[in-house]
Amino acid sequence: MAAEPVAPEGSKPLSGLLSGIAQATYYGAAGITEELLRGQLYPEAAPEEFRVLLAKLTAALKSIASADMDLNQLEAFLTAQTKKQGGITADQAAVIAKFWKSHRTKIRESLINQSRWDNTLRNVNWRVDLKSQSRHIDQINTPVAIVEMELGKNGKDFVRQEIVTLSLLL
């Protein structure tokens, strides 16, 4: 039986920092501040040192998320970041890769929801009916299109149905 791989030194605080960045940036958690993250995860770090780490990870995560990187793109990006002067370490790259693998879908959905401006179309149903009864004989057998649209508000459960009736001229 193979031994369980040992997590890189400091991977838990780094993973927590990435979660905090994601919470503040993508999930709208206003209570997550730089001071809170430093106090909880890196209390021994100097404020300027922590600010540099936070900026570096925030920029990396934003680049990864905005490109919606797959695993191959992620590996190439992180490799480039480790080789860059003042970039990330290999251990940090491993933690970022693990974080992205588990949070990619949720971050992507959050970005999509943030980019919607207004109502979204959830469902459309339509049919064409023929009038079989009418007060006027010339309106019998007149086709009528009925369109039902179900609208939803930006990630909320608001649903409104619009029923539009159109008379077709043949």
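This is a predicted model: local features need pLDDT of at least 70, side-chain atom pairs count only at pLDDT 80 or more; totals for chains, interfaces and linings use all residues.

Student: How many salt bridges does a search of the whole structure find?

Tutor: Five salt bridges turn up.

Student: Start with Glu-34. Which residue does it form a salt bridge with?

Tutor: Glu-34 pairs with Arg-51, and their closest N and O atoms are 2.9 Å apart.

Student: How accessible are Glu-34 and Arg-51?

Tutor: Glu-34 has 25% relative accessibility and counts as partly exposed. Arg-51 has 37% and also counts as partly exposed.

Student: Ok, next one. What does Arg-104 meet in a salt bridge?

Tutor: Its partner is Asp-68, at 3.0 Å from N to O. Arg-104 belongs to helix H5 (residues 90–115), while Asp-68 lies in the loop between H3 and helix H4 (71–83), so the pair ties together parts that are 36 residues apart in sequence.

Student: And which residue is Arg-108 bridged to?

Tutor: Asp-68 again; the closest N and O atoms of Arg-108 and Asp-68 are 3.1 Å apart. Here too distant parts of the chain are linked, with Arg-108 in helix H5 and Asp-68 in the H3–H4 loop, 40 residues apart.

Student: Why does Asp-68 count as partly exposed?

Tutor: Its relative accessibility is 22%, and buried would need a value under 20%. Arg-104, at 27%, counts as partly exposed, and so does Arg-108 at 42%.

Student: Switching to packing. At what angle do H3 and H4 pack?

Tutor: The angle is about 155°, and the axes are 11 Å apart.

Student: Parallel or antiparallel, then?

Tutor: Roughly antiparallel, because angles over 145 degrees are put in that class.

Student: Left-handed or right-handed crossing?

Tutor: H3 passes H4 in a right-handed crossing.

Student: Which residues meet there?

Tutor: From H3 there are Ala-60, Ser-63 and Ile-64, and they meet Leu-74, Phe-77 and Leu-78 of H4.

Student: How does the contact of H3 with H4 split by class?

Tutor: Five residues are nonpolar, one is polar and none is charged.

Terms used: Residues are numbered from 1 along each chain as its sequence is written. Side-chain values use heavy atoms; hydrogens and water are left out. A salt bridge is a side-chain nitrogen of Lys or Arg within 4 Å of a carboxyl oxygen of Asp or Glu. Buried means under 20% relative accessible area, exposed over 50%, partly exposed in between (1.4 Å probe, protein chains only). Helices (H or I, at least four residues) and strands (E, at least two) are DSSP runs, numbered from the N terminus. Axes are lines fitted to C-alpha atoms, for helices over the stretch in contact, and angles run from 0 to 180 degrees between N-to-C directions. Angles under 35 degrees count as roughly parallel, over 145 as roughly antiparallel, 65 to 115 as roughly perpendicular and the rest as oblique. A crossing is left-handed if the near helix is turned anticlockwise from the far one by less than a right angle, and right-handed if clockwise. Contact means heavy atoms within 4.5 Å. Ala, Val, Leu, Ile, Met, Phe, Trp, Tyr, Cys and Pro count as nonpolar, Asp, Glu, Lys and Arg as charged, and the others, Gly among them, as polar.
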